[in-house]
Amino acid sequence: MTAKQKKKRQTVLLAADVGSYSINTVSLAVQMAAAINSELQGLFIEDEDLLQVTGLPITREISLTTARERPTDVDQMQRAMRSVARQFEQALQREAGALQIAWSFDYVRGRARDIGLEQGADVTYMILGQPVSHRLRSRTERAPCKILLIANESRHQKQALQVVLDQFSHEKIELTLVEDGSGGKIAPEIEKLERNKSAELSLKALTREQLLEQLGQLGSAFCCAIISRHEKPELMSRILKTLSCPVILVA
């Protein structure tokens with residue numbers, strides 16, 4: 001394979017830190033890589049902001065069980081991060097190995113959102129983990145699974161949606177579709193998917209303006225979001241700061 005051919009190969013990148021790693025998100029990334037027959041890159045990010053806060057003399061750790069306070073320790077925090085990174089790498093090895101997916105793993109220091117968004121153009125699907133309290137939900141939960149799709153002309157978004165729907169194939173699904181009012185192409189494709197799915201799938205349409213108005217209420221409602229990497233930076237920044245779910249950024 002030439003360097004030019006290698007650069008064009010589709011890749012799935014999963015970026016996570018100590019607060020956003022979860023088995024379910026790893027599984028989503030592996031399923032995405034399997035669907036497009038691509039490599040999977042795992043990127044664990046040592047949270048620079050968390051380390052800085054941990055090192056402040058006024059910072060205290062409060063035990064959830066005893067409510068006692070104790071000083072924080074940077075070295076201890078780094079060891080905890082590296083322990084989670086090992087779990088992340090082992091999960092990648094296990095999940096990717098089960099489907100014979102080629103994978104790699106890197107450990108860097110920085111800020112998860114910044115480092116994730118800086119990755120190269122050869123990444124087709126970039127999956128950003130979100131805080132542990134908002135992980136992908138268990139299939140045993142009966143509440144509707146809400147998915148956000150901010151559509152554009154990317155040919156990869158239908159594949160991303162298909163993989164996400166497969167993750168919740170036996171659940172009631174509510175899909176919020178955001179697209180321009182100039183006659184989007186994804187809605188007919190969704191209708192085809194709806195007819196072929198065993199899950200109950202309902203569709204709710206919003207404009208970008210309506211989404212921004214409602215993000216305060218909707219941010220924690222979604223279990224997964226699919227967004228183009230080519231959205232305007234100010235819109236992307238606001239959406240990523242508000243959403244509390246794994247986000248798939250599509251090239």
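User: What is the mean pLDDT of the chain?
Analyst: The mean is 80. Of the residues, 76% reach 70 or more. Keep in mind that the model is predicted.

User: Where is confidence lowest, and where is it highest?
Analyst: Lowest in helix H1, residues 3-8, with a mean of 46. Highest in H2, at 93.

User: Which stretches have pLDDT below 50?
Analyst: Residues 1-7 are one such stretch. They have three contacts in the model beyond near neighbours in sequence. Residues 132-140 are also below 50. That stretch has 29 contacts beyond near neighbours.

User: OK, overall fold. How many helices and strands?
Analyst: Nine helices and 11 strands.

User: And what share of the chain is buried?
Analyst: Buried residues make up 43% of the 251. The accessible surface comes to about 13,600 Å². Carbon and sulfur atoms account for 47% of that surface.

User: What about contacts between residues at least 6 apart in sequence? How many join residues at least 24 apart?
Analyst: 76% of them do.

User: Let's go inside. Which residues touch the most other members of the largest nonpolar core?
Analyst: Val12, Phe88 and Ile248. That core has 46 residues. There is also a second, separate core of 25 residues. Among its members are Met126, Ala225, Leu235 and Leu249.

User: Back to Phe88. What is it in contact with?
Analyst: Setting aside neighbours within four places in sequence, Phe88 contacts Leu14, Ala16, Tyr21, Val26, Gly42, Leu43, Phe44 and Phe105.

User: Some of those are rings. How many aromatic pairs are there?
Analyst: Four aromatic pairs. One of them is Phe44 with Phe88, and that pair is tilted. The centres are 6.1 Å apart, with 55 degrees between the planes.

User: How is Phe44 arranged with Tyr107?
Analyst: Phe44 and Tyr107 are stacked. The distance is 5.6 Å centre to centre, with 20 degrees between the planes. Tyr107 lies in strand S5 (residues 103-110) and Phe44 in S2, so the pair ties together parts 63 residues apart in sequence.

User: Which residues do the ring pairs link into a cluster?
Analyst: Tyr21, Phe44, Phe88, Phe105 and Tyr107.

User: Switching to Ser38. Where is it found?
Analyst: In the loop between helix H2 (23-36) and strand S2 (39-47).

User: What does Ser38 touch?
Analyst: Gln10, Thr11, Val12, Ala33, Ile101 and Ala102. That leaves out residues up to four places away in sequence.

User: Now cysteines. How many disulfides?
Analyst: One disulfide. Cys145 is joined to Cys223, S to S 2.4 Å. The S-S torsion of Cys145 and Cys223 is about 50 degrees, so the disulfide is right-handed.

User: Which parts does the pair tie together?
Analyst: Cys145 lies in strand S7, residues 145-150. Cys223 is in the loop between helix H8 (208-218) and strand S10 (224-228). The pair therefore ties together parts that are 78 residues apart in sequence.

User: Are Cys145 and Cys223 buried or exposed?
Analyst: Cys145 is buried, with a relative accessible area of 0%. Cys223 is buried too, at 4%.

User: What about Cys224? Which cysteine sulfur is nearest?
Analyst: That of Cys245, 6.1 Å away. Cys224 is in no disulfide. The cut-off is within 2.5 Å.

User: How accessible are Cys224 and Cys245?
Analyst: Cys224 is at 1% relative accessibility and counts as buried. Cys245 is at 0% and counts as buried.

Notes
Residues numbered from 1 in each chain as written. Predicted model: local features only at pLDDT ≥ 70, side-chain atom pairs only at ≥ 80, totals over all residues. Heavy atoms only, no water. Core = buried A, V, L, I, M, F, W, Y, C linked by side-chain atoms within 4.5 Å. Buried < 20%, exposed > 50% of the residue type's maximum accessible area, 1.4 Å probe, protein only. Contact = heavy atoms within 4.5 Å. Helix = DSSP H or I, 4+ residues; strand = E, 2+ residues; numbered from the N terminus. Phe/Tyr/Trp six-rings, centres within 6.5 Å; stacked < 30°, edge-to-face > 60°. Areas by Shrake-Rupley, 256 points an atom, 1.4 Å probe, with all protein chains shown as cover. pLDDT = per-residue confidence, 0-100.
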